[in-house]
Amino acid sequence: MRAALLRMRRATGLPVAFGGLLAGPRQFRIAELSGTATAALRGLVISAGSGLGGKSVALARPCAVTNYRESRHISHEYDAVVAAEGLRSVVAVPVVVGRRVRGVLYAALREALPIGDRLFGAAVDAARDVEQALAVRDEAERLLATAGKRAADAAGSGAGAWEEVRQAHGELRALAPRVADPELRAALLGVCGRLAGAAGPPAARPVALTPRELDVLACVASGTTNAAAGERLGLRPETVKGYLRSAMRKLGAHTRLEAVVAARRAGLLP
């Protein structure tokens with residue numbers, strides 16, 4: 001959210017940006033401020049339908065006013081805090097993930113000037129960045145919640161269950177580089193390590209692969225082609241080939257299958 005607000009200010013040229021995520025079923029709390037002169041807006045709880053942001057939540061679409069206090073198109077529960085910050089023209093853009101509003105971004109001027117299409121579009125783009133980050137985070141948390149259960153189930157089951165573990169490991173490794181939150185990314189990679197070690201103790205001779213080499217091998221282990229691995233990892237197929245060749249050389253393997261088997265024996269893959 002903080003990074004999106006900074007990008008929105010740079011892209012729009014508007015001096016003030018703020019926003020927050022949902023704090024309840026029909027409420028959100030303004031938690032991040034950028035370019036504000038006071039702390040009047042910090043912690044403000046906005047209800048759906050109330051004020052400009054509440055209207056944006058209720059309609060699930062962007063809304064704007066040229067003069068906040070005099071607008072006839074919004075309710076005015078928050079006029080005092082808006083006036084304390086000296087804001088006049090304001091745009092509010094909802095953050096929508098899976099058809100559900102998860103928060104709101106605002107950008108504002110201290111003059112009563114129209115917000116043109118270019119600035120409006122830049123604010124919408126910033127909200128889309130937050131939507132993508134939240135979608136990635138949701139997927140990461142879903143995978144984290146299921147990966148441990150799969151490993152536990154596989155420990156007492158057959159090859160079919162281990163294939164599910166390997167699939168989960170590949171999905172986690174592909175997702176981790178897209179997670180901006182360093183703590184969540186570290187948690188994902190930690191689970192990957194536990195899944196890799198769940199099959200048994202590694203071979204005595206350690207093998208050091210780079211994160212990307214291991215990402216590629218995890219994709220190969222799940223049966224993907226170089227093109228499919230590149231699409232999953234955001235890499236060109238030629239780059240995937242380069243990482244795969246490097247991993248094979250380190251593992252002393254001559255084929256893709258040999259590389260996967262060697263990585264599993266080394267405790268690098270489940």
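Guide: Happy to. Let's start with R7, which forms a salt bridge with D129, with 3.2 Å between the closest N and O atoms. This pair ties together distant parts of the chain: R7 belongs to helix 1 (residues 2-12) and D129 to helix 4 (residues 117-155), 122 residues apart. Bear in mind that this is a predicted model.

How open are the two partners? R7 is partly exposed, at a relative accessible area of 35%, and D129 also counts as partly exposed, at 32%.

In helix 1, A4, L5, M8 and T12 are buried. These four cover an arc of only 100° around the axis, so they sit on the same side of helix 1. Just after the helix comes G13, with a positive phi of about 80°.

Now for another pair. R173 forms a salt bridge with D215, and here the closest N and O atoms are 2.7 Å apart. Again distant parts of the chain are linked: R173 lies in helix 5 (residues 159-175) and D215 in helix 7 (residues 211-221), 42 residues apart.

Among the elements of the protein, helix 5 has the lowest mean pLDDT, 75, while helix 3 (residues 79-85) has the highest, 96. For the protein as a whole the average pLDDT is 86, and 91% of the residues score at least 70.

One more pair to visit: E238 forms a salt bridge with R236, the closest N and O atoms being 3.9 Å apart. That still qualifies, because the cut-off is 4 Å. R236 counts as exposed, at 58% relative accessibility.

How many salt bridges does a search of the whole structure find? The total is 9. The general idea behind such pairs is simple: side chains of opposite charge can pair when their charged atoms come close.

C219, for instance, is in no disulfide, and the nearest cysteine sulfur, that of C192, is 11 Å away. C219 is buried, with a relative accessible area of 0%, and C63 is buried as well, at 6%.

Finally, step back for the setting. The protein has 10 helices and 7 strands, and its C-alpha atoms fill a box of roughly 70 × 40 × 30 Å along the principal axes. Its radius of gyration is 24 Å, whereas a compact globule of 270 residues would have one near 18 Å. Of those 270 residues, 45% count as buried. As for contacts with a separation of 6 or more, 58% are between residues 24 or more positions apart.

Terms used. Residues are numbered from 1 along each chain as its sequence is written. Side-chain values use heavy atoms; hydrogens and water are left out. A salt bridge is a side-chain nitrogen of Lys or Arg within 4 Å of a carboxyl oxygen of Asp or Glu. Helices (H or I, at least four residues) and strands (E, at least two) are DSSP runs, numbered from the N terminus. Buried means under 20% relative accessible area, exposed over 50%, partly exposed in between (1.4 Å probe, protein chains only). A disulfide is a pair of cysteine sulfur atoms within 2.5 Å. pLDDT is the predictor's confidence in each residue, from 0 to 100. The arc is that of the directions from the helix axis to the C-beta atoms. The radius of gyration is taken over C-alpha atoms; the globule rule is 2.2 Å times the number of residues to the power 0.38. Contact means heavy atoms within 4.5 Å.
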